[in-house]
Amino acid sequence: MNRRHTLAVLLIALATGCSKPATVPVKPAAAVAATGKPRVAVVISTLNNPWFVVLGETAKARAEELGYEATIFDSQNDTAKEASHFENVLAGGYQAILFNATDSDGSIANVRKAKAAGVPVFCIDREINATDAATSQILSDNHGGCVALGQHFVEALGGKGAYVEILGYLGDNNTHNRSQGFHEVVDAYPELKMVAQQAADFDRAKALEVMETLLQKHGDGLAAVFCGNDAMAMGAYQALAAAGRTDVKVFGFDGADEAVKLIAEKKIAATGMQFPKTMARQAAEYADAWIKGKRDFPQKVPVAVEVVTPDNVTQYGDYGAKEDARSSATK
Amino acid sequence: MPAAPSSRPFVVWLVRAVALAILAGLVWQVPLVRFKRLDEAAAPADAFDPKAFAERFWTDDLGPACGGANDVADVLAAVRRDPAAACRALGRSPGLSRTCLYLVRGSGTIAEVGPTACRVTIAGGQGDVELSMGLVFGTAIRDVTGTIDPASRTDSRELAAAAAEINRLVQERAIAPLKPVAAVGRALEFVACGQVQGTLPADKPWKLIPVRISVQNTPSASEGTAP
C-alpha cells in the first residue's frame with residue numbers, strides 16, 4: 001500500500017512539477033475591469049511633452065469610445081519604468097497595449113514579453129527594430145517628412161547660411177530618420193553650413209539651455225536652427241527671443257498646436273505635421289479589431305508627414321489637418 | 001674556461017634585441033588591439049546594401065511598373081474630376097497618407113526650359129506638366145510601385161537609405177540625359193512619378209519626376225537608361 005502510494009506521488013510529481021514549463025502562458029483571469037468593461041493599456045514614452053499627451057489621450061478616448069476601460073502609463077523616457085508598466089499590464093489582465101516606445105531597441109523585450117503572454121501590442125509613432133514582436137506599428141514617415149522640411153528649409157534660407165541642429169533622444173530611430181532626411185536635402189547645398197549639432201532629448205527645457213550655449217558660441221551670422229521636434233523648437237525659440245535674435249529662423253517637427261500657432265504668427269518658420277490623433281485612433285481601432293478576432297494586420301503602416309508653413313498654416317490645427325478624411329472616418 | 005667578462009653583456013643585449021624584434025614582428029602581424037573606423041566596426045557582415053537594393057528595385061519593380069503606367073492626360077482629367085476616386089483607381093497612397101502617388105506616361109513638346117525643370121505641353125490636352133531636372137529627394141519613387149513592403153526591413157532607416165539610392169539612380173539615368181538636350185520645341189516621351197495632396201493647383205503645372213525619358217527631333221536623340 002505504501003509502495004503504491006509512493007508510486008502515485010511520484011507519477012503526479014512527474015506529471016506536474018517535473019514537466020516542461022507550458023509554452024503558452026495562462027492569461028490572467030482579471031481581463032475585465034470593475035466597471036465590467038475589458039481593459040486596454042496605453043503606454044506612452046513620456047507625458048512631459050504636450051504632443052505625447054495628445055497621442056495618449058486620443059488613444060485612450062478612442063478605446064473608451066469603442067467600449068473599453070483604458071489606462072495611460074507614463075514611461076518617463078525610462079525603459080526600466082516601461083518594463084515595470086508592462087509587468088503590471090500583463091499581470092492586470094489587459095487585453096491589448098497601445099504602445100509608444102521609449103527606445104527602438106530597448107523596448108523590443110517588453111513587446112516580446114507581451115506577445116508571449118498573448119497580449120497584442122500596437123506601436124504608435126515610434127518604431128521598434130523588430131517585425132515579429134508587435135501586432136502592428138503605425139508610424140510617421142519621419143524621413144520623408146524631414147526631406148520635405150529640408151526642401152522648405154533650403155528655400156527659406158535661399159540655399160545659404162549658417163545653421164545649428166538640435167537632435168532628439170539618440171536611442172530613438174525617429175531622431176536619426178529626421179536628421180538623415182533633413183541632411184539628405186540640405187547637405188546637397190554647400191553654402192548651407194552646419195556649425196553645431198547637439199542633442200536635447202526632445203525636451204523643451206534642455207533645448208532652451210542648448211540654444212543659449214550655441215548662441216554664445218555660434219551666434220554671429222546664425223541664420224537658422226533645425227530642431228528634431230516642436231518642443232525643442234519652442235525651447236530654442238524662447239532662447240532666441242530672450243536674446244533678441246528673432247532673425248534666426250526656427251524649424252521644428254511634430255505639428256504641436258503651439259508650434260502651429262507660432263507659425264501663423266510668423267515666429268517659427270515651419271514644422272512637419274505628424275497627425276498624432278490619426279495614428280492613436282488607428283491603433284485603438286486595430287486593438288478593437290484584434291480583440292474581436294481579426295488577426296491579419298499590416299506590420300508597418302506609414303503615415304505621411306506634411307510641412308506646415310505660414311503659407312498653408314490655415315489648413316492645420318488641433319494636431320492635424322482641418323479637413324482630414326482619415327480622421328472623420330475613424331472618429 | 002669561462003667567457004671573457006667583457007663580451008657577456010653584449011651577448012645578453014644581442015639576445016634581448018633579437019627577442020624584442022621577434023616580439024615586435026609578432027605584434028605587427030597579430031596585433032593585440034586592432035583599430036577600425038567607426039563605420040567599419042558598426043557594419044555587420046550581413047549589413048543592408050542600399051545600392052544593391054536600389055538596383056534590384058530599378059530592374060525588377062520600376063521597369064515592369066513603367067510598362068503599366070497610366071496616360072498622364074487621363075490621370076490629370078481624373079484628378080481634376082475627383083481626386084479621391086482618381087487615387088483609388090489610378091494611384092496609390094502609402095499607409096495612412098493623404099498624398100497620392102501616380103506613375104504616368106505621356107508625350108509632348110517642351111514649352112519652356114528652366115535651370116531645374118522643363119515645362120511640357122502634353123499630347124491629349126489637359127495643359128502642361130513640369131518635368132524636374134533638379135535634385136530628387138524623398139520617397140515618392142520608392143513608394144510609387146507599391147512593391148516595397150515597409151515591414152520588409154526591421155529598421156526603417158534602411159528603407160530611407162534605399163530611397164536615397166533610388167533617387168540617385170533617377171538623377172543619373174533619367175535627369176542627367178535630359179538636361180543637355182532639353183530645348184524648347186523638342187518632342188519627348190516620358191514615364192514619370194507625380195504626387196497629389198488634396199487637389200492640384202489650377203494655376204500651376206503638375207510637377208513630375210521623370211524615371212524614363214526619350215527626347216526626339218534632335219540630331220543625337222537622347223534616351224535615359226530604361227528602368
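**Ground rules**

I noted that residues count from 1 along each chain as its sequence is written, that chains are lettered from A and ligands numbered from 1 in the order in which they are written, and that side-chain values use heavy atoms, with hydrogens and water left out. Since the model is predicted, local features need pLDDT of at least 70 and side-chain atom pairs count only at pLDDT 80 or more, while totals for chains, interfaces and linings use all residues.

**Entry 1: where the chains meet**

I started with the interface. I found 21 residues of chain B in contact with 33 residues of chain A; contact means heavy atoms within 4.5 Å. Next I looked up the buried area, which is the accessible area (1.4 Å probe) that two parts lose on being put together, summed over both. For chains B and A that comes to about 2200 Å², with 56% of it on carbon and sulfur atoms. Which three residues of chain B supply more of its buried area than any other three? They are B:Leu96, B:Arg98 and B:Phe137, and they supply 35% of what chain B buries against chain A.

I then went after charges. A salt bridge here is a side-chain nitrogen of Lys or Arg within 4 Å of a carboxyl oxygen of Asp or Glu. By that rule I get 1 salt bridge across the interface. A:Glu306 and B:Arg98 form a salt bridge, with 2.6 Å between the closest N and O atoms.

I also counted polar contacts (a pair of N or O atoms within 3.5 Å; within protein, one must be able to donate a hydrogen and the other to accept it, and residues adjacent in sequence count only if both atoms are side-chain atoms). There are 8 residue pairs in polar contact between chain B and chain A, both residues at pLDDT 80 or more. On the side of chain B that touches chain A, helix H7 (residues 156-178) of chain B gives the largest share, 6 residues.

**Entry 2: helix H2 of chain A**

I checked a length next. The expected span of a helix is 1.5 Å times one less than its number of residues. With 16 residues, H2 (residues 50-65) of chain A should span 22 Å, and its end C-alpha atoms are 22 Å apart, so the two agree.

At the start of H2(A), I saw a side-chain oxygen of A:Asn49 reach to within 2.9 Å of the backbone nitrogen of A:Trp51. Just after this helix, A:Gly67 takes a positive phi of about 100°. I listed the buried residues of H2(A) too, among them A:Trp51, A:Phe52, A:Leu55 and A:Arg62. Buried means under 20% relative accessible area, exposed means over 50%, and partly exposed is in between (1.4 Å probe, protein chains only).

**Entry 3: chain B and one of its valines**

Chain B has 7 helices and 6 strands, and along the sequence I read α-α-α-β-α-α-β-β-β-α-α-β-β. Of its 227 residues, 39% are buried. Among contacts between residues at least 6 apart in sequence, 68% join residues at least 24 apart.

I picked B:Val129, in strand S4 (residues 128-132) of chain B. Is B:Val129 buried or exposed? It is buried, at a relative accessible area of 0%. Leaving out residues up to four places away in sequence, B:Val129 touches several others, including B:Val72, B:Cys118, B:Phe190 and B:Trp206. I also noted 9.7 Å between the C-alpha atoms of B:Val129 and B:Ile110, which sit 19 residues apart along the chain.

**Entry 4: more salt bridges**

Over all chains, the search gives 26 salt bridges. One of them joins the side chains of A:Lys300 and A:Glu127 at 2.6 Å, N to O. That pair links distant parts of the chain, 173 residues apart: A:Lys300 is in strand S11 (residues 300-303) of chain A, and A:Glu127 is in the loop between strands S4 (121-125) and S5 (136-140). A:Lys300 is buried at 6%, and A:Glu127 is buried at 3%.

A:Arg245 and A:Asp247 form a salt bridge at 2.9 Å; A:Arg245 counts as buried at 17%, whereas A:Asp247 is partly exposed at 46%. Last, I found B:Glu55, B:Glu165, B:Arg168, B:Glu172 and B:Arg173 linked in a network of salt bridges.

How values were computed. Helix = DSSP H or I, 4+ residues; strand = E, 2+ residues; numbered from the N terminus.
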